[in-house]
Amino acid sequence: MRDNPAEQGDQLLEALLQQAARGEAAAFESVYDVIAGPVYGLIRKVLRDPAQSEEVTQEVLLEVWRTASRFDPSRGGAVAWVLTIAHRRAVDRVRSEAAATDREQRSVLPDALASDDVADSVAASLEAERVRRCLEGLTELQRQSITLAYYGGYTYTQVAKGLNVTLATVKARIRGGLIRLRDCLGVTW
Amino acid sequence: MRFVPRRRVHTLAGPYALDAVEAAERNRFERHLRGCRSCQQEVRAFTATATALGLAAAATPPARLRGRVLDAIATLEAARTGDPEIATVLAAPDARTTSAGTSAGGTATVVASTREGKLVFTSSGLPALPPERVYELWFIGAGGARPAGLVPPASGESTIPVLASGLEAGDKVGVTVEPAGGTTSPTTTPIVVMAVAA
C-alpha cells in the first residue's frame, strides 16, 4: 500500500539513518523528529512511568545512532527496526527483577486489562484510529492477548495465567489475532 | 532444557514478534528461525503488524528530551571521530547503551562492552561541582567498588565522553562525589548505579 504511513516513514527514515551512519550529525536531528514520538509513546505505553520512559527513550535513540550502520533494509522496514529496539528495551526494563517483583505484588494485570483501549494517551491520529478499529474487529480473547503482550509487556505465559487459559490457547489467539490485524491494516512487508 | 516439538515451535512466531517470550525460549526460537523460511515470513509480517500497533501509541515526548539526546549524540560523535579506543567500544558487537537519571539531577549514559572490558561514560545536566570536588566512576562487582576514573569537565550540557578500562562481566557502574583527584574507595553514596552488561 503506497499510502501506508509506515511505508512513507520507512523510506524517509532509511535515508536519514544512512546519512547518520556516515556521521552526518544533522541527519540525526531529523531522525529524532521522525521517530522520537512513536518511540516515546510506545515505551510509555509499556512502562507507564514518565521518568523511566524518558530514560529508555534516550537509551533507544542513542542505540539507533550507534548501530545505524547495521540496519539492513532487506530484513524489514526502518520504522519496524527502530520500534523493535524500543519495544524490546521497554520489555527488558519492565521484566527486570525489581520491576517484575513490584508488578507481581501489585498484580497490575487487571489494570492493564481495564485500560487496554489503545486510545488512551494516544494522539487521535488517523493511524491510531485505524488500529483501534481493527483491534475492535478481533475476538475479545485475541484482543486481550495481543494488547497484554504488546502494550502490557507480559510474556504469553503470564498472559495465559492472567486470562486463565492454556498456553496453547494464548499462542493460537495471538497468532489468529495478528493475522486478522495484518489483513485489516493492509500491512505489506 | 525442555524439548519443544517442531510443530509447536512454529506457533511461537506470534508471541516472538510481540516480544512475549522469555529469553531462553527466544534464543531457542531464533535458532529454529534461521532454518525455517515460513517462520521467517510469518515473523516479518507479524513484526510489521506490531509496528502499526507501536505507531498507534505515538505520543509527544517532553521537549527537553530533544536537546538532551542530540547533545549526547554530538559529544559522542566527536569522541568517536577523535579517539579510536572510544570508537572501538562504540562499535563493539556486544556493546549496550544504558541511560539513567541521577539523584543529583541530570542523566548518566554508559556504552559498555564486556568483551572489550571497557565502557564509555558521558552525562548531561549533572550539577557543576566546586573545584575541590569531582565526580568519580566505579566498577561495582561482587568484591566491592573499584575505581574507574574521573568524570571529565562538562562542555556545554554534556561531560566529555571518557573511556574506562577494567569492566568485568556482571559489574555495575556507579558515580560518587569525591575530593578532587579522586579516592580509591567511595566515601559518599552513589548518585547513580547502573546495570550496564549486555
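How many bridges join strand 4 of chain B to strand 5 of chain B, and in which direction do the two strands run relative to each other? In this predicted model, six bridges join strand 4 to strand 5 (residues 144-150) of chain B, and the two strands run antiparallel. The passage from strand 4 to strand 5 of chain B is a hairpin through two residues, and B:Gly141 has B:Gly144, in strand 5, as its bridge partner.

Strand 4 of chain B, which covers residues 133-141, also pairs with strand 9 (residues 172-179) of chain B, again in an antiparallel arrangement, and here eight bridges join the two. One of the residues involved is B:Leu137, whose bridge partner in strand 9 of chain B is B:Val175. The table sets the two pairings of strand 4 side by side.

| Partner of strand 4 of chain B | Residues of partner | Bridges | Direction |
|---|---|---|---|
| strand 5 of chain B | 144-150 | six bridges | antiparallel |
| strand 9 of chain B | 172-179 | eight bridges | antiparallel |

**The chain as a whole**

Chain B contains six helices and 10 strands, and its domain assignment gives domain 1 (6-56) and domain 2 (64-195). The centres of these two domains of chain B, taken over C-alpha atoms, are separated by 35 Å. For the overall dimensions, the C-alpha atoms of chain B fill a box of roughly 65 × 40 × 30 Å along the principal axes. The radius of gyration of chain B is 21 Å, whereas a compact globule of 198 residues would have a value near 16 Å.

Within chain B, 42% of the 198 residues count as buried. When the contacts in chain B with a separation of 6 or more are considered, 58% of them are accounted for by residues 24 or more positions apart.

**The contact with chain A**

Chain B also touches chain A, and the contact takes 48 residues from chain B and 59 residues from chain A. On the side of chain B that touches chain A, the elements that give two or more residues are helix 2 (13-17), helix 4 (37-56), helix 5 (64-82), strand 1 (96-101) and strand 2 (107-113) of chain B. Helix 4 of chain B gives the most to this side, with 13 residues. By type, the residues of the side of chain B that touches chain A divide into 28 nonpolar, 14 polar and six charged.

Notes: Residues are numbered from 1 along each chain as its sequence is written. Chains are lettered from A and ligands numbered from 1 in the order in which they are written. This is a predicted model: local features need pLDDT of at least 70, side-chain atom pairs count only at pLDDT 80 or more; totals for chains, interfaces and linings use all residues. Two strands pair if DSSP finds at least two bridges between them. Helices (H or I, at least four residues) and strands (E, at least two) are DSSP runs, numbered from the N terminus. Domain bounds come from an automatic or database domain assignment. The radius of gyration is taken over C-alpha atoms; the globule rule is 2.2 Å times the number of residues to the power 0.38. A residue is buried if 20 or more other C-beta atoms lie within 10 Å of its own, exposed if 12 or fewer, and partly exposed in between; C-beta atoms are placed from the backbone. Two residues are in contact if their C-beta atoms, placed from the backbone, lie within 7 Å. Ala, Val, Leu, Ile, Met, Phe, Trp, Tyr, Cys and Pro count as nonpolar, Asp, Glu, Lys and Arg as charged, and the others, Gly among them, as polar.
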